[in-house]
Amino acid sequence: TELLIEVLLARFPSNELKVLDAGTGSGILACILKLERPKWQVFGLDKSMKALQVAQKNAQNLKADVSWIHGHWLQSIKPQSFDVLVSNPPYIAPG
């Protein structure tokens, strides 16, 4: 996650971008991006309402103004354009 954040910040130094974190989980990626780039519009998308509740709480604790979307990957999003789509899905098997 840290490397992904470093690469994104280096690659996109723009002051105004619209960013979607698909499969946001705890929301840490979305929160850190918003804190590092306050002028970015950052959205976190997840199919799990429980995950979004955790993400919202994390954002409140960090004072990160992130918008949250409940839904399954990109099927849940109305046609919109994002400048950056980022995702860091789980890669460890539940078992």
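At what angle do the axes of helix 1 and helix 2 cross, and within what distance do they come? The model is predicted. In it, the two axes cross at roughly 35° and come within 11 Å. Helix 1 covers residues 2–11, and helix 2 covers residues 28–36. The crossing is right-handed.

The contact draws on both helices. Helix 1 brings Leu4, Ile5, Leu8 and Leu9. Helix 2 answers with Leu29, Ile32, Leu33 and Glu36. Of these residues, 7 are nonpolar, 1 is charged and none is polar.

Next, the cores. In soluble globular proteins, nonpolar side chains tend to be buried together.

| Core | Number of residues | Residues, among them |
|---|---|---|
| Largest nonpolar core | 19 residues | Val19, Leu33, Trp40, Val66, Trp68 |
| Another core, apart from it | 6 residues | Leu20, Leu45, Ile69, Ile77 |

In the largest core, Val19, Leu33, Trp40, Val66 and Trp68 have the most contacts inside it. Helix 1, helix 2, helix 3 (49–62) and strand 4 (84–86) each supply at least two of its residues. Helix 2 gives the largest share, 4 residues.

Neighbours within four places in sequence aside, Trp40 touches Leu8, Leu9, Phe12, Ser14, Asn15, Glu16, Leu17, Val19, Leu33 and Lys34.

Now the strands. Strand 1 (residues 18–22) and strand 2 run parallel, joined by 5 bridges. Leu20 stands opposite Phe43 of strand 2.

Definitions and conventions
Residues numbered from 1 in each chain as written. Predicted model: local features only at pLDDT ≥ 70, side-chain atom pairs only at ≥ 80, totals over all residues. Heavy atoms only, no water. Axes fitted to C-alpha atoms, helices over the stretch in contact; angles between N-to-C directions. Left-handed = near helix turned anticlockwise from the far one by under 90°. Contact = heavy atoms within 4.5 Å. Nonpolar A, V, L, I, M, F, W, Y, C, P; charged D, E, K, R; others polar. Core = buried A, V, L, I, M, F, W, Y, C linked by side-chain atoms within 4.5 Å. Buried < 20%, exposed > 50% of the residue type's maximum accessible area, 1.4 Å probe, protein only. Pairing = 2+ DSSP bridges.
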